[in-house]
Amino acid sequence: QVQLVESGGGLVQAGGSLRLSCAASGSIFRLNAMGWYRRAPGKQRELVASITIGSITNYADSVKGRFTISRDNAKNTVCLQMSSLKPEDTAVYYCAADQRSIATIFAVQYWGQGTQVTVSS
């Protein structure tokens, strides 16, 4: 079993920045894919960004150029640096990991508990 623990959420004004971190522990083998999903009020959970063990990244169009995902394979951590935040970025952000892919919700094997990000206008 793998446990994912997020940190770094909070309240920020529009245009500000936040950094989310996620630490994986437990029965860790090759977690090829790690990343972040989010669920805004009244919306479905969506993929924000992902990164493979080989540092191949993928971003949702809505966050390209504003968010940066990074990973430390030695420490089994993944971070999401969020800049130029907008009110529409308000959501619960979930860390996700899988031995293969997190491209879809159904592919994700491990989830964090979620951390709230609120962007005020």
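User: Before that, what should I know about the model and the numbering?

Analyst: This is a predicted model, in which local features need pLDDT of at least 70 and side-chain atom pairs count only at pLDDT 80 or more, while totals for chains, interfaces and linings use all residues. Residues are numbered from 1 along each chain as its sequence is written, and side-chain values use heavy atoms, with hydrogens and water left out.

User: Ok, which residues touch the most other members of the largest nonpolar core?

Analyst: Among its 30 residues they are Leu4, Trp36, Leu80, Met82 and Tyr93. A nonpolar core here is a set of buried Ala, Val, Leu, Ile, Met, Phe, Trp, Tyr and Cys residues joined through side-chain atoms within 4.5 Å, where buried means under 20% relative accessible area, exposed over 50%, and partly exposed in between (1.4 Å probe, protein chains only).

User: And is there a second core, or what else includes Ala33 and Tyr37?

Analyst: A second, separate core of six residues includes Ala33 and Tyr37, along with Leu47 and Ala96.

User: Switching to β5, how many of its residues are buried?

Analyst: Five of the seven residues in β5 are buried, so that strand is mostly covered; strands are DSSP runs of E with at least two residues, and helices are runs of H or I with at least four, numbered from the N terminus.

User: Which strands does β5 pair with?

Analyst: β5 pairs with β4 in the antiparallel sense over six bridges, and three bridges join β5 to β6 (residues 57–59), also antiparallel; pairing requires that DSSP finds at least two bridges between the strands. The β4–β5 hairpin has six residues between its strands, and Gly42 in the turn has a positive phi of about 75°.

User: What is the bridge partner of Arg38 in β5?

Analyst: The partner is Glu46, and the side chains of Glu46 and Arg38 also meet in a salt bridge at 2.7 Å, N to O. A salt bridge is a side-chain nitrogen of Lys or Arg within 4 Å of a carboxyl oxygen of Asp or Glu.

User: Where does Asp89 lie?

Analyst: Asp89 lies in the loop between β8 and β9 and Arg38 in strand β4, so the pair ties together parts that are 51 residues apart in sequence. Their salt bridge is 3.0 Å, N to O, and Asp89 meets Arg66 in another, at 2.8 Å.

User: So which residues are linked in the network?

Analyst: Salt bridges link Arg38, Glu46, Arg66 and Asp89 in a network.
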